[in-house]
Structure formats: C-alpha cells, structure tokens
Amino acid sequence: MRKLRKLLLAAFLGACVPTVSSADTLTIVADEWPPFSGVSLPGKGISLDVIGEVLKRAGYQVETEVLPWARIMNGATSGQYDAIGSLFFDPELENYLTYADPFYETDVRLVQRAGSDHAFTSVEALRPFSFAVGDGFLYQDEFDRADYLNKVVVTTTLQAVQMVAHERVDLTLDSVDVVNHAVRSDDPSLRGLVEFAPGVLATQGIHMAVRNNLPNRDQVIQDFNTTLAEMRADGSLAKILEKHVGP
C-alpha cells in the first residue's frame, strides 16, 4: 500500500455520501497491484478473488473492479464503491475505513544482488546502504519513518528490483509475493541476478476495508469475518489461494 493513498483517503472518504449500491450488492474495488489485484490476473488477483468468494458465500451479490487509484477515490466520494481490497493495515485509515480480518499474509523482505551478504537485523543497521523505494509506498513502520536512510525513489517495484540487479543501489524491499510476481511475469531476465536477503522486516496482513459511512458496514464486516473463518476451516480458502500462489 502507498502512503499517498492514505492522504487521498482522508480527503475523499470523509466526504462520502452514505449510500449503498443496492440492499445486498457490494462493489469492491482495488488498484493494479499484482499479484493481489490486477485486470489480467486470475479472478482479478488474490484480493478480489478471495473477497468476492467470501462475500458471495455470505449471501451478498458482489461486483469487483480493478481501477486506477484516482477513480477509486472519485467513486468513494459518491458512494459508488463500498469497500477497498489489497490493503495493508494502517491505524490512521480507521478514521475512514473499517478493516475486516486479513485473508492472507505476506512477508516484507530485503532484495539484494545474488551472492551479496546483506541480512536484516535492524533498520538502524541499514544506514550504510542505498535503497530503491516506491514513491509513497508503505513497507514497515520504522523503515518508512527512517529519513536518515539513503532512499532513491522509483515508480514501481520492478524498477526497484532492476536497480538492484544493475548495481545502481544496494538494496530494495517489498512483499515477497509482489517481488516474485514482478520477476516471474515482467522481467524473467532478473532470475539469478537478485535474491532475498535473510530476515523479515514485517509480516503484513492483506485486508478488505469497508467505508465507515456504509449503512450496513457492521453487518458486512461481521458476515465477512464469520464466513472467512468457515472457509479457512473447511479448506475452501486454501483452494482459492492455491490458484494464485500454489500450495
């Protein structure tokens, strides 16, 4: 998730008209963030596939869309969209959104050139190194606040990994799922050039969050959480995830 999104959310969701698309239909949106959401991905990605299946099993009609973030914000203003997927938890967003239970977890790790000897022990120990970071991306709280680190801003995760591979920076970091997808799908030439360094900066849950002024918000959250727990227990959640990340 990008920090820039948090600022936009505050501006737009605070002005939402408290409407819902229909009594039992929910419109769930997310922006392009493979493998969690993407127009060309199976089921539109992990997030929208899981969220859609959970809510359908809970008795809702569901529409899912992958849209640019600006369109998501404009739709939220009018009450056109009811919930947002592919979110890391951010307590500041709870002023505008109510988070459902996470349906997936992903590790945030350092990416280094193959054969390097970096390892994550603490953010403070990263002072000597240069990093490619996404513009406004959230990674891990302490790292995000560490303005003493040498951070080179790029637009995408793929660009950050390419900079590491071509020795323009020492390191980057991101969700292991996002990095793996970028290398596998967008630039297979990076295989063998980069690798994950030992250590995990953070384990982030992937969430759906419902706008606070949705009239049936609490019921949607309760139904989602209850059904998600049932699907986790009976193995149907695992089957959906296997389509995207394997067993």
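Me: What makes Met 208 a residue in contact with others, leaving aside its neighbours within four places in sequence?

Reply: Contact means heavy atoms within 4.5 Å, and Met 208, with neighbours within four places left aside, meets this for a list of residues including Ile 28, Leu 55, Phe 103, Ile 221 and Phe 224. This is a predicted model, in which local features need pLDDT of at least 70 and side-chain atom pairs count only at pLDDT 80 or more, while totals for chains, interfaces and linings use all residues. Residues are numbered from 1 along each chain as its sequence is written, and side-chain values use heavy atoms, with hydrogens and water left out.

Me: Which residues touch the most other members of the largest nonpolar core, and what makes a set of residues a nonpolar core?

Reply: The term covers buried Ala, Val, Leu, Ile, Met, Phe, Trp, Tyr and Cys residues joined through side-chain atoms within 4.5 Å, where buried means under 20% relative accessible area, exposed over 50% and partly exposed in between, with a 1.4 Å probe and protein chains only. The largest such core has 32 residues, of which Ile 28, Val 50, Leu 55, Phe 103, Met 208 and Phe 224 touch the most other members. Helix 2 gives the most to this core, with six residues; helices (H or I, at least four residues) and strands (E, at least two) are DSSP runs numbered from the N terminus.

Me: Why is the pair of Phe 137 and Tyr 139 called tilted?

Reply: Rings of Phe, Tyr and Trp (its six-membered ring) pair if their centres lie within 6.5 Å, and planes under 30 degrees apart count as stacked, over 60 as edge-to-face and the rest as tilted. The centres of Phe 137 and Tyr 139 are 6.1 Å apart and their planes stand at 45°, so the pair is tilted.

Me: What makes strand 5 and strand 8 a pair?

Reply: Two strands pair if DSSP finds at least two bridges between them, and strand 5 (residues 104-113) and strand 8 have five, in the antiparallel sense. Strand 6 (residues 130-134) also pairs with strand 8, in the parallel sense, over two bridges.
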